[in-house]
Amino acid sequence: MRPFVYRITKYDPADRDERGHYTGAEDTVSDHGPVEEAYLAAIAAFAEAAGIDRLEIREPQIGGFVHFGLEPQVDGYGLTGLFPAGPAGFHDGALVPIGVGLELVRAMLRDNGAWCRLEAGGAFTVHVGWDQYLYIGSKLPCEPALARTRTLGLFPERVDASPYDFAPDDPAYVQRPADADFWARLHWTVSTHRAVFLEEVAVNASRWHRLTRDTIETVRSKLAPRSQLAVWPDLLTDVDTAVAALPDEGLVEIVWEDEDGQITSTVVDETQFEAVTSQLATARAAGVVSMYAGEDLPLLTAVLPDSDGVLRARWQTEPTPSDRDWAFLKTLRRGQLVTGTVTSIASFGVTFVDIGGFTAMINIPELSWRPLNHPSDVVNVGQEVTAEVLGVDMVRERVPLSLRAVQEDPWPQVAQRIGEVVIGPVTKIVPFGVFVRIEDREDGFQGLVHTSELDESTRDVAEVGDALTVKIIDVDLARRRIALSHVQAGTSGTQSQPRA
């Protein structure tokens, strides 16, 4: 927050009515002459007083999306000759000398079609507003600049804040950065879809790139600084189907790929549909994207961070379900306890749990320390459970949970029973021995009686359900295995009733 903010205009406060509306004769467009030069001289005076010699371009816009005066736009949007690399230099975060900053202000005063905020960190700002209103913010009072502004015939007025200060559409929304996790996710998305389209939005213009495994890194290296990115499914090779998706009316962006692989896009409404679709006759793929919020959403979005990895761009894209999942996953950590509701149990045994709008999963081994035949032995749909996060896969957007991690591990108690003789039912017969349950409960632990630990009289006659007297001879805590011996139990044969 800059403590000194001034509104600077050519409008004399004496020519305002009781509501503050200007009633004088000054025109709302630039005079292209001494008044315009006075505005620029005032900005230069404030910059000098604040010790500012360079300004940063923030949230640049061009081409009809904003109008701050009544003059028609000019070719080049007032940017011609300002940047060594051409208009591409007009990007968010570009640092320009004061002289270039003043020429940008001139373009905005003339409504040449280009607009941006000009800033110097948190120390200095220049905003050009509707009808030739100028707002300068500074950490310093800049008294010499105020005096200079008055001698130029302009009227500075102290205000609380600039109405053009940046304000996010949703202050609570965290924009996804195009960082290592994003590119890993994109590689995974391409591998599952085989190809996707990347929409690069910079300064109100879109460029489209077809991504395959072979082109991702090449495209990545050529993206404009701080651009907004949106990942869309591949275009339809059935162009007729794509054209049929056009609405009866409304604003859409039509994207198509010609026979040479060139990708073109244009924003049109119903009055232009016929003209544009005629150009698609030779296209090999096409797609239609609605320009209205919420109607068509990409697979995921992001904003390109600076070269040091820090996300400084303040653009906000409309969040997709994947973006919301990403934002939620960023709040999770391995070992964290979460509470959720069981939403379904898959036929293959995985239990799905809703944790704050994201669906996590519990694999069968993580449901309980004890043996179970089906997840429904432990949980039911609609049940609220507390589980531990085992990990967070940002690429596949998966979160495995463990229910048993929040339960007391009973295995150390089982280990204390080594040497104990028990009678338990045979639960399974395998070629190398039999399994016997050593606890009197349906989910009791089972141990293996190896063939070598069965006496000859029992080896060939034991059946599932028979009671067998066994001795607990070993408990492997690492592998969660129990070794039993019928021979060492000091008895032979089987019993008719289990007594474990």
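**Close-up 1. M291 in the loop between β13 and β14.** In this predicted model, M291 is found in the loop that lies between β13 (285–290) and β14 (300–303). With a relative accessible area of 38%, M291 is partly exposed, because that class covers values between the 20% limit for buried and the 50% limit for exposed residues. M291 also belongs to a nonpolar patch on the surface, which it forms with L251, V267 and Y292, and these residues together have about 340 Å² of accessible area.

**Close-up 2. Q132 in the loop between β5 and β6.** Q132 is not a glycine, and yet it has a positive phi of about 70 degrees. Its place is in the loop between β5 (124–129) and β6 (133–138), where Q132 counts as buried, since its relative accessibility is 3%.

**Close-up 3. R194 in the loop between α4 and β8.** R194 has a positive phi of about 75 degrees, although this residue is not a glycine either. The loop that holds R194 runs between α4 (180–193) and β8 (196–202), and with a relative accessible area of 71%, R194 is exposed.

**Close-up 4. An open sheet of 5 strands.** The strands follow one another in the order β17-β16-β15-β18-β19, and their pairing is antiparallel. At the edges are β17 (358–362) and β19 (401–402), each of which pairs on one side only. Within this sheet, strand β15 (residues 337–345) pairs with strand β16 (residues 351–355) in the antiparallel sense over 4 bridges, and T341 stands opposite D354 in β16.

Conventions:
Residues numbered from 1 in each chain as written. Predicted model: local features only at pLDDT ≥ 70, side-chain atom pairs only at ≥ 80, totals over all residues. Heavy atoms only, no water. Patch = residues over 30% accessible without salt bridge, like charges linked within 9 Å, V, L, I, M, F, W, Y side chains within 5 Å. Areas by Shrake-Rupley, 256 points an atom, 1.4 Å probe, with all protein chains shown as cover. Salt bridge = Lys/Arg side-chain N within 4 Å of Asp/Glu carboxyl O. Helix = DSSP H or I, 4+ residues; strand = E, 2+ residues; numbered from the N terminus. Buried < 20%, exposed > 50% of the residue type's maximum accessible area, 1.4 Å probe, protein only. Pairing = 2+ DSSP bridges.
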